[in-house]
Amino acid sequence: MKNRFLASFAILALIFAGVLCVSARAQTTDEGKGPSEQPSAPMEIGQQQGPQNPQAGPPPQPGVPPPGSPQAGPGQAGPMGDAEPGGPSGEGPAANEQGVARISMIHGAVSTQRGDSGDWSAAILNQPVVGGDKVSTGEGGRAELQLDFANILRLGTNSKANIANLTKDKIQIQVGQGIANFSAFKESETEPEIDTPNVAVHPAHNDGVFRIEVRPDGDTLVIVRKGEAQISTPKGIAEVHQGEMATVRGTVDDAQYKISAAPNADGWDRWNSDRDHMIRNAQAWKHTNHYYTGSEDLDANGTWQSSPDYGEVWVPNEPEGWVPYRDGNWVWEPSYGWTWVGYEPWGWAPYHYGRWMVYGGGWAWWPGPVWGGGFYRPFWAPAYVSFYGWGGFGFGFGWGGWGGFGWLPIGPGDWFHPWWGGYGGRFGLVGRGGYGRYGGFAPLRASGFSTVGHINDARVGGAMSAVNAGRFGAGRVTASAATHEQLSGARMMAGNLPVVPSRASLSASGRAAAPSTVRAGSQSFYGTQNTARTESFARQTTQLRQSMQQNHVSSVQAGRGMSGSGFGEERGAGTTTRAGAGAGSGSGARENSEATRSAGSETARSSEAGTEAQRGSGTAEGGDRGGFRPFTPPSHSESAEAAGRSGGESGSYWGRTSASSAGSQGRGYSDGYGRGSSRPQLNMRQPVVQPRSSGGYRAPSYGGASRSAPSYGGGSHSAPSGGGGHASGGGGGHSGGGGHR
């Protein structure tokens with residue numbers, strides 16, 4: 001009897017073990033027989049579509065959950081149900097005034113701090129930066145941030161800047177220490193302001209180059225290389241013209257200033273000139289919308305080819321088998337939710353504008369209308385993909401009932417379902433047809449190529465990237481091609497993802513910051529704009545959980561499944577450094593060869609960078625307009641003269657009054673987190689918008705010897721090294737439809 005019982009128990013154990021193996025295999029993205037291994041069908045533009053994958057089986061239909069999907073009980077949160085037809089539509093619900101800058105160049109140790117997280121982590125190329133974030137460089141470090149399509153901030157060695165405000169209309173930067181350069185191209189449409197502890201700098205909003213230094217002794221130096229600027233304190237304002245330098249001494253309450261001749265251009269100025277020249281004169285501007293940013297990266301990393309159906313398309317210099325939106329990471333942004341960070345050196349413009357399609361044996365990026373019907377304003381998105389999900393296959397294994405998530409680049413003929421803004425509270429699944437019934441953005445081109453419609457084709461289905469549900473958005477995780485089983489059970493999402501971000505979701509690199517870049521303590525700045533008040537990360541996650549509960553959707557915590565094996569390789573997810581911590585700077589598992597581009601020229605100038613701030617005032621004592629003087633309100637005649645130089649009342653940037661003359665006695669203080677007290681408001685009139693010309697850009701004229709732009713050609717790529725080396729690109733982006741990138 002005992003032996004019979006043991007035999008029966010052994011049989012049951014074997015059966016249960018077999019079930020576990022089947023479930024585990026269904027949830028992994030290990031190499032196996034999948035759509036990417038099937039013969040490719042002729043999907044070229046203008047060719048007839050070949051037969052669909054015969055092994056894929058019939059696609060799931062709306063209203064019919066995949067076999068084995070777990071069901072929720074009454075009143076309980078469960079997996080997503082079917083989306084109701086209708087819902088939000090168009091760009092309006094997704095429109096956002098909050099801008100998104102891009103880290104477009106890194107040299108040496110550079111780190112960032114996200115909003116109110118308190119954590120510093122190593123910065124990487126193509127990392128998004130939003131209002132409330134901070135950027136810091138170490139000894140010999142440099143960083144470039146393209147704030148939008150026409151405004152660029154660069155930081156030199158041992159410098160720190162807070163992005164206090166970044167919207168469609170206003171840019172506010174707080175420089176706490178070190179040296180910064182601000183370039184505004186003539187097409188700029190924003191009101192810029194650079195604040196230091198004792199003065200606010202108001203650059204002429206277009207076609208100017210401004211150098212700002214905050215010295216260890218507390219002095220602020222403002223050098224105007226091109227254009228003109230005003231400097232202000234609560235006591236009054238002063239003007240600084242091209243070729244002049246203002247030295248501001250004292251605290252914001254008793255500050256005095258002196259105007260003198262600007263020193264000769266040094267290595268820092270020439271490097272900034274080279275970068276401006278490269279960006280403004282890129283050949284890619286002839287093929288892309290001029291409100292894009294990052295287009296300059298396309299010149300050295302791909303070729304433009306003419307398609308009879310779409311015009312000019314860009315084909316990246318990537319190896320065979322490469323697909324878009326796989327070599328990168330998902331991070332959480334306050335106003336946009338899940339945002340793609342591409343590891344490719346060109347990975348900004350093609351991932352946030354336009355559409356992708358199968359072309360010439362690989363993939364090509366269609367930039368969309370250049371001007372469209374007279375004038376087209378592009379819409380920046382965190383990524384142009386369709387999200388998919390599949391369940392735990394009936395065995396309860398997975399996270400929140402989910403086995404994994406996938407994403408597929410969308411084509412010109414696909415509907416786009418945003419997951420932020422007015423779309424963020426929508427959760428639901430749809431099948432593989434009738435997508436126009438579920439709202440979203442209409443196809444960018446009617447009757448254009450659809451990746452969603454061809455998902456059963458091997459080449460298109462092979463571009464579906466997959467990751468374990470517990471690993472989505474939790475640091476640097478390698479995505480894999482979706483398997484045949486995953487594609488068969490995948491359902492497209494018509495709105496938000498059921499993933500709650502963790503602190504690891506805030507780090508684009510997943511690596512600790514170099515100790516030399518971590519600067520603790522708060523700092524006060526004088527400014528005249530109202531700094532952004534970003535919503536706390538804790539509140540964002542709480543609201544997201546509540547929205548999921550109201551929609552009866554099971555949630556997944558980002559990073560909950562990081563300890564197991566399965567979808568790809570986890571690499572240092574969530575590694576950050578708290579201010580004051582002694583953590584070292586980690587190196588990435590995969591070094592980016594792009595990080596060494598033009599390293600020779602950068603290294604040659606690094607010795608100059610170490611003494612930039614000290615040399616800035618060394619040759620400027622002669623030829624000044626007098627000694628130090630207090631700030632005073634401008635007279636009526638001076639205000640009228642300034643307005644006349646800027647074109648009078650129409651679009652005048654300088655037609656403003658000082659704080660005291662306007663009757664405001666409030667101080668414009670703000671700490672490093674953008675929390676401000678009352679501030680005097682200057683009358684800054686909006687500029688007259690001048691559209692870009694259709695041709696190339698003319699480089700500005702700078703002081704110093706003539707130099708050619710450095711070469712930023714690339715090699716192969718993988719995950720950027722983030723805290724060291726040298727990586728460069730361009731970018732920052734602009735969204736018309738309500739957003740400004």
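The structure is a predicted model, in which local features need pLDDT of at least 70 and side-chain atom pairs count only at pLDDT 80 or more, whereas totals for chains, interfaces and linings use all residues. Residues are numbered from 1 along each chain as its sequence is written, and side-chain values use heavy atoms, with hydrogens and water left out.

Threonine 528 lies in the loop between strand S32 (525-526) and helix H6 (537-550); helices (H or I, at least four residues) and strands (E, at least two) are DSSP runs, numbered from the N terminus. With a relative accessible area of 2%, threonine 528 is buried, a term that denotes under 20% relative accessible area, as against over 50% for exposed and partly exposed in between (1.4 Å probe, protein chains only). A further polar contact, of 3.3 Å, is made between the side chains of glutamine 146 and glutamate 296. Glutamine 146 belongs to strand S6 (residues 142-146) and is buried, its relative accessible area being 3%.

The protein chain contains 9 helices and 38 strands, and 60% of its 741 residues are buried. Of the contacts (heavy atoms within 4.5 Å) in the protein chain with a separation of 6 or more, 75% are between residues 24 or more positions apart.

Strand S22 (residues 355-359) is largely enclosed by the rest of the structure, because 5 of its 5 residues are buried. Arg355, Met357 and Tyr359 cover one side of S22, and Trp356 and Val358 the other. S22 is joined to strand S23 (residues 362-366) by 5 bridges, and the two run antiparallel; strands are taken to pair if DSSP finds at least two bridges between them. Within this pairing, valine 358 stands opposite tryptophan 363 in S23. The two strands form a hairpin with 2 residues between them, and glycine 360 in the turn has a positive phi of about 55°.

The link between S26 and strand S30 (residues 491-493) consists of 2 bridges, in antiparallel arrangement, with leucine 429 opposite methionine 493.

Leaving aside neighbours within four places in sequence, tryptophan 407 is in contact with residues including Tyr325, Trp340, Phe387 and Met464.

The pLDDT, the predictor's confidence in each residue from 0 to 100, averages 73 over the protein chain, and 62% of the residues score at least 70. Over residues 579-623 the pLDDT stays under 50, and the model has 114 contacts beyond four places in sequence for this stretch. Where pLDDT is low, the predicted coordinates should not be read in detail.

Note on methods: A polar contact is a pair of N or O atoms within 3.5 Å; within protein, one must be able to donate a hydrogen and the other to accept it, and residues adjacent in sequence count only if both atoms are side-chain atoms.
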